[in-house]
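Here are a few notes to read with the structure open beside you. Take them one at a time and find each residue as you go.

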Amino acid sequence: MLRPTLNELISGMQRTIMEALLPELTSPYAQGQAMSAIGMLAHAAAVLESVPAYDAAEIKDLRATFAALKRLGDKHLSKKSGLRGALARATRASAKNPPARRVMEEAMAAFATAVALGTVDESVARQVRGYIKRNLERSRNLLGNSLPSA
């Protein structure tokens, strides 16, 4: 493991603010701002610890959603929508080791756009909406409930 880790760097910044900067600050406003910075750094450290689990769940869900979309078949995706190509790229990207997450996310963005525009049938839209709902819940959990719930 490379040293210092991100969490060690964050902890060091917190200590520096607490031990070196805070005692030098005379205004209550500046002291409050320093304490806010310490709190934000603590939140960032907590989020960093959760990121690997978030990433694994995100990739697993993207794979499952694309597999479900593929099972629906081409009859649910018009040729001119470009979604057949997006699905093919996402399927290939999800089979790589490690998966090409950016390609998978780009494909999901194309599907989400099509849902928003109403250019896909309801079975496709249901799969995409389900993914988006789960993604928002994962993001909300990752960010410590600082996002509104669905």
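The points below go from the inside of the model to its surface.

1. First, a reminder: this is a predicted model. Keep that in mind as you look around.

2. Start with the largest nonpolar core, which has 21 residues. Phe 66, Met 108, Phe 111, Val 120 and Val 124 are the ones with the most contacts inside this core. Two or more residues come from each of helix H2 (28–72), helix H3 (83–95), helix H4 (101–117) and H5. Which helix gives the most? That's H4, with six residues.

3. Now zoom in on Met 108. If you skip its neighbours within four places in sequence, Met 108 is in contact with Leu 62, Thr 65, Phe 66, Val 128 and Tyr 131.

4. Next, have a look at Glu 122, in helix H5 (residues 122–142). Is Glu 122 buried, exposed or partly exposed? Its relative accessibility is 42%, so Glu 122 counts as partly exposed, since that class lies between 20% and 50%. Glu 122 and His 76 sit 46 residues apart in sequence, while their C-alpha atoms are 8.9 Å apart in space.

5. Finally, go to the surface. Leu 6, Leu 9 and Leu 48 make up a nonpolar patch there, and together they have about 260 Å² of accessible area. Leu 6 belongs to helix H1 (residues 6–21). With a relative accessible area of 54%, Leu 6 is exposed, because the cut-off for that word is over 50%.

Methods. Residues numbered from 1 in each chain as written. Predicted model: local features only at pLDDT ≥ 70, side-chain atom pairs only at ≥ 80, totals over all residues. Heavy atoms only, no water. Helix = DSSP H or I, 4+ residues; strand = E, 2+ residues; numbered from the N terminus. Buried < 20%, exposed > 50% of the residue type's maximum accessible area, 1.4 Å probe, protein only. Patch = residues over 30% accessible without salt bridge, like charges linked within 9 Å, V, L, I, M, F, W, Y side chains within 5 Å. Areas by Shrake-Rupley, 256 points an atom, 1.4 Å probe, with all protein chains shown as cover. Salt bridge = Lys/Arg side-chain N within 4 Å of Asp/Glu carboxyl O. Core = buried A, V, L, I, M, F, W, Y, C linked by side-chain atoms within 4.5 Å. Contact = heavy atoms within 4.5 Å.
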